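Let's take a walk through this model together, one neighbourhood at a time. Keep your viewer open as you read.

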Amino acid sequence: MLRAIAPALLLGLLAVPAALFAEQCVAGVYAMAPWSRSIGGNAFNMAGNAAKLGFRVDQTPENGALIVYPPSYGRRINATYGHVALLVDVRPDANGQILIKDSNGICGGNRRQCRVRMPLWKIVFVIHPKK
């Protein structure tokens, strides 16, 4: 009986959308930027937590820093918690896009890299690694 059920279960698991197994953005950032693990919290409160711990938090982009999008930012940003990603290359390309790496958000997967339009630096926060 179990032998007959096992293939059906396996096929059922394969049919489950990958989004159910998506790594949350904060967990992805912790894996990609180990220096950020001490910050804690979710994307919504990471900037405040980081500032309290002595990290520099501002709106100045820097490769290797984290970008925190507020919940109100828009498309592909969690409306409750916002989103956090790693800034990979902040020099805009010919299309005005920068390179980020994230999980469960803008790039559409776990620890994926993609080009995105330059964010509105006035409404996002950048958390810099301690020097």
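Is Ser103 buried or exposed? Ser103 counts as buried because its relative accessibility is 0%, where buried means under 20% relative accessible area, exposed over 50% and partly exposed in between, using a 1.4 Å probe and protein chains only. Before going on, please note that this is a predicted model, in which local features need pLDDT of at least 70 and side-chain atom pairs count only at pLDDT 80 or more, while totals for chains, interfaces and linings use all residues. Residues are numbered from 1 along each chain as its sequence is written, and side-chain values use heavy atoms, with hydrogens and water left out.

Back to Ser103, which sits in the loop between strand 4 (97–102) and strand 5 (112–117); strands (E, at least two residues) and helices (H or I, at least four) are DSSP runs, numbered from the N terminus. The Ser103 side chain makes a polar contact of 2.8 Å with the side chain of Glu23. Such a contact is a pair of N or O atoms within 3.5 Å; within protein, one must be able to donate a hydrogen and the other to accept it, and residues adjacent in sequence count only if both atoms are side-chain atoms. A polar atom of the Ser103 side chain also lies 2.8 Å from the backbone nitrogen of Arg111. Leaving aside neighbours within four places in sequence, the contacts of Ser103 (heavy atoms within 4.5 Å) include Cys25, Gly28 and His83.

Cys25 and Gly28 lead us on to helix 2, as both are among its buried residues. Helix 2 (residues 25–32) is largely enclosed by the rest of the structure, because 6 of its 8 residues are buried. Those buried residues pack against helix 3 (43–52), strand 2 (66–69), strand 3 (83–89) and strand 4.

Next, the aromatic rings. The structure holds 2 aromatic pairs, counted when ring centres of Phe, Tyr and Trp (its six-membered ring) lie within 6.5 Å; planes under 30 degrees apart count as stacked, over 60 as edge-to-face and the rest as tilted. Trp35 and Phe55 form a tilted pair, 5.8 Å centre to centre with 40 degrees between the planes. This pair links distant parts of the chain, 20 residues apart: Trp35 is in the loop between helix 2 and helix 3, and Phe55 in the loop between helix 3 and strand 1 (57–58). Trp35 is partly exposed at 25% relative accessibility, whereas Phe55 is buried at 8%. Tyr69 and Tyr73 make an edge-to-face pair, 4.9 Å centre to centre with 70 degrees between the planes. Here Tyr69 is buried at 3% relative accessibility, while Tyr73 is partly exposed at 27%.

Our last stop is Asp58, in strand 1. Leaving aside neighbours within four places in sequence, Asp58 is in contact with Val124, Phe125, Val126 and His128.
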